[in-house]
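Me: I would like to learn how to read the features of a structure one at a time. Please take me through this one.

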Amino acid sequence: MRDYEVLAHNLINNSVKLKANEKVLIEYSDVDDDFLIALQNEAFKVKGMPFFKNINRELRRVTLERGDDKLFELMASFDEKLYSSMDAIILVRGEHNMFDYAYVPPKNLKSFDAFYNNKIHMQIRLKKRWVLLKYPTASFAQSSAMPTRDFREYFYKICNLDYGKLCKAMDGLKALMEKTDKVKIEGPNTNLTFSIKGMPAIKCCGECNIPDGEIYTAPIKNSINGKISFNIPAMYNGIKHENIVLEFKDGKVIKASGNYSKELNQIVNTDSGSCYVGEFAFGVNPYVTYSLNDILFDEKMGGSIHMALGNAYDDCFNGNVSVVHWDLILNQMPDFGGGSIYFDEVKIRENGRFILPELVALNPENVLN
């Protein structure tokens, strides 16, 4: 099988686990026909029923620029019937230009999030069996500073990882997280504390994101205090945010700065929940070793952690609700400045490597061998 056929097989059979007579919606943008046909063939092999929805990014850009609350609400009401009728949803996000939406007015993007994305993706899609994949376009290769052919090889190596082995290696960290109260993160311009007491830890092993390789929980909503400096770029609605520094008091962001501080603070103040954190996670994919300028990949970086401003997931709900869910990443490998993480005052990771015996299975050499 070709690499893209292996990936299509894994998406249908391992990620959404499609069964006979089940309906799967494949929503896509800027994706090659060969891959879509591979997904279609895999769905038919298990006697499933594949449906396709194309998002034309140029049409979507004009819709975002010229639309209003009424239009976005109508779009959601039409698509609600489609998405609600599906048993599984596969989102394949390709981009010929990652900055297509860069000039869309922020108020329009906020409105679209509130009236469309919140309904279709937060309230409907997240309650289905779903998986999200970023497709390897030439634009993606360019933003990753790699030749297209080399990037595609690297992409499929990351995405077709043995997630079964990785999932088993997460068991020790899951158990430790679920009996931990206090978390402390230290590093350059970072000293942050919070509690995860009583919260579940969720292993991500290729079911909802490809690539995958993270384990997440949520902080107790009002428990975060201190400062954290994120060292991996983060895209939001066409703007590349870098050098983000957040200061917290009793769970709430009280100061936010970065290369686009004005736009950053607009995100933080989107609604009453966007200034709180809905997720805390470890990235453990050994193949992701540097930023590819895409959150689905970057948040899985081995040696990293990420925190999401905004909405908490239903399976790890800390009470925070928002139309925003934006992951911000801190890589603690030595090349990125290092740092340490403590659970209940015991150091569990130093400079991106786990040091407790029950956790070392997650270090790259052990996952890959």
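Me: Is the link of C167 and C205 right-handed or left-handed, and what is the angle about the S-S bond?

Reply: Bear in mind that this is a predicted model. The hand of a disulfide is read from the angle about its S-S bond. For C167 and C205 the angle is 70°, and the link is right-handed. The sulfur atoms of C167 and C205 are 2.5 Å apart, and a pair of cysteine sulfurs counts as a disulfide within 2.5 Å.

Me: How many disulfides does a search of the whole structure find?

Reply: The search finds 1 disulfide. C208 is partly exposed, at 32% relative accessible area. C316 is in no disulfide either, as the nearest cysteine sulfur, that of C204, is 10 Å away. C316 is buried, with a relative accessibility of 2%.

Me: Now helices. At what angle do the axes of helix 3 and helix 5 cross?

Reply: Take the two axes and read the angle between them. Helix 3 (residues 57-66) and helix 5 (residues 106-124) have axes that come within 8 Å and cross at roughly 105°. Angles of 65 to 115 degrees count as roughly perpendicular, and helix 3 and helix 5 are therefore roughly perpendicular to each other. From helix 3 the contact uses R60, L64, E65 and R66, and from helix 5 it uses N108, L109 and F112.

Me: Where does strand 9 have its buried residues, on one face or on both?

Reply: Side chains along a strand are assigned to its two sides, and each side is checked for burial. Strand 9 (residues 214-217) is covered on both faces, with E214 and Y216 buried on one side and I215 and T217 buried on the other.

Me: Which strands pair with strand 9, and in what sense?

Reply: Pairing is read from the bridges. Strand 7 pairs with strand 9 in the antiparallel sense over 3 bridges, and K203 stands opposite I215. Strand 9 also pairs with strand 15 in the antiparallel sense, over 4 bridges. Here T217 stands opposite F280 of strand 15.

Me: What is A281 in contact with, leaving aside its neighbours within four places in sequence?

Reply: A281 lies in strand 15 and is buried, at 0% relative accessibility. With those neighbours left aside, A281 touches E214, I215, Y216, S304, I305 and H306.

Me: And in a loop, is T270 buried or exposed?

Reply: T270 is in the loop between helix 10 (261-268) and strand 15 (277-283). T270 is buried, with a relative accessible area of 13%. Beyond its neighbours within four places in sequence, T270 is in contact with K110, V323 and V324.

Me: Last, the backbone. Which residues does a cis peptide bond join?

Reply: Omega is the angle to read. I210 and P211 are joined by a cis peptide bond, with omega at about 5°. P211 lies in the loop between strand 8 and strand 9.

Me: Where is N21, and what is its phi?

Reply: N21 is in the loop between helix 1 and strand 1 (23-29), and its phi is near 70°, a positive value in a residue other than glycine. N21 is exposed, with 60% relative accessible area. D30, in the loop between strand 1 and helix 2, is not a glycine but has a positive phi of about 50°. Just after helix 1, K17 takes a positive phi of about 50°.

How values were computed:
Residues numbered from 1 in each chain as written. Predicted model: local features only at pLDDT ≥ 70, side-chain atom pairs only at ≥ 80, totals over all residues. Heavy atoms only, no water. Axes fitted to C-alpha atoms, helices over the stretch in contact; angles between N-to-C directions. Parallel < 35°, antiparallel > 145°, perpendicular 65-115°, else oblique. Contact = heavy atoms within 4.5 Å. Buried < 20%, exposed > 50% of the residue type's maximum accessible area, 1.4 Å probe, protein only. Pairing = 2+ DSSP bridges.
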